[in-house]
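The following note sets out, point by point, what can be read from the model.

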Amino acid sequence: MPDLRVEGLAPGEVRVVPYPAGTPPRRSIIVVDTPFGVRAYWNVCKHLPIPLDAGAGQIPRDEAGRLVCATHGAAFVEGTGACTEGPCEGEHLDALEIEPDGDAWTVRIP
């Protein structure tokens with residue numbers, strides 16, 4: 001599978017990035033700039049295999065800054081992907097390797 005290049009990520013931004021053609025519908029990646037560095041995760045809730053953004057293209061955050069599943073309310077720590085509240089507490093988002101690439105980021109797709 002091809003790697004994915006992400007450009008223009010602003011500090012603190014959470015971005016839902018569609019995955020290239022040829023993959024299942026609505027498949028996407030979350031790229032987030034955290035205080036611990038930029039992280040990338042598959043956009044799939046650990047409670048049920050549906051997108052965290054429910055197809056809206058934006059991931060809500062709670063008052064603690066956690067990423068929140070728009071469907072079930074599960075809350076994930078942006079820097080680790082750990083679910084700390086909700087129906088999948090104790091699970092983790094599936095992380096992807098991400099590397100700096102000049103003024104952009106490259107997400108390595110396994």
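1. In this predicted model, β5, β6 and β7 make up an open sheet of three strands, arranged in that order with antiparallel pairing. Its edges are formed by β5 (67–68) and β7 (83–85), each of which pairs on one side only.

2. Within that sheet, β6 (residues 75–76) runs antiparallel to β7 and is joined to it by two bridges. Phe-76 has Cys-83 of β7 standing opposite.

3. A separate set of pairings involves β3, which spans residues 28–34. Strand β2 (residues 14–18) pairs with β3 over five bridges, in the antiparallel sense. Strand β4 (residues 37–42) also pairs with β3 in the antiparallel sense, here over six bridges. Such pairing of strands in a sheet, parallel or antiparallel, takes place through backbone hydrogen bonds.

4. Ile-29 illustrates the position of β3 in these pairings. Ile-29 of β3 is the bridge partner of Val-17, and Trp-42 in β4 is in turn the bridge partner of Ile-29. The link from β3 to β4 is a hairpin of two residues.

5. How many of the residues of β3 are buried? The count is seven of seven, and the strand is mostly covered. Side chains in a regular strand alternate between the two faces of the sheet. In β3 both faces are covered: one side carries Ser-28, Ile-30, Val-32 and Thr-34, the other Ile-29, Val-31 and Asp-33, and all are buried.

6. Turning to the whole chain, the secondary structure consists of nine strands and zero helices. Because the radius of gyration is 13 Å, close to the 13 Å that the globule rule gives for 110 residues, the chain is as compact as a globular protein of that length. Along the principal axes, the C-alpha atoms fill a box of roughly 35 × 30 × 20 Å.

7. Of the 110 residues in the chain, 40% are buried. The accessible surface comes to about 5,800 Å², and carbon and sulfur atoms account for 53% of that area. Among contacts between residues at least 6 apart in sequence, 41% join residues at least 24 apart.

8. As regards charge, the chain carries 16 negative and 9 positive side chains. The centres of these two sets lie 3 Å apart.

Note on methods
Residues numbered from 1 in each chain as written. Predicted model: local features only at pLDDT ≥ 70, side-chain atom pairs only at ≥ 80, totals over all residues. Heavy atoms only, no water. Helix = DSSP H or I, 4+ residues; strand = E, 2+ residues; numbered from the N terminus. Rg over C-alpha atoms; globule rule 2.2 N^0.38 Å. Buried < 20%, exposed > 50% of the residue type's maximum accessible area, 1.4 Å probe, protein only. Contact = heavy atoms within 4.5 Å. Areas by Shrake-Rupley, 256 points an atom, 1.4 Å probe, with all protein chains shown as cover. Lys, Arg positive; Asp, Glu negative; His and termini not counted. Charge placed at Lys NZ, Arg CZ, Asp CG, Glu CD. Pairing = 2+ DSSP bridges.
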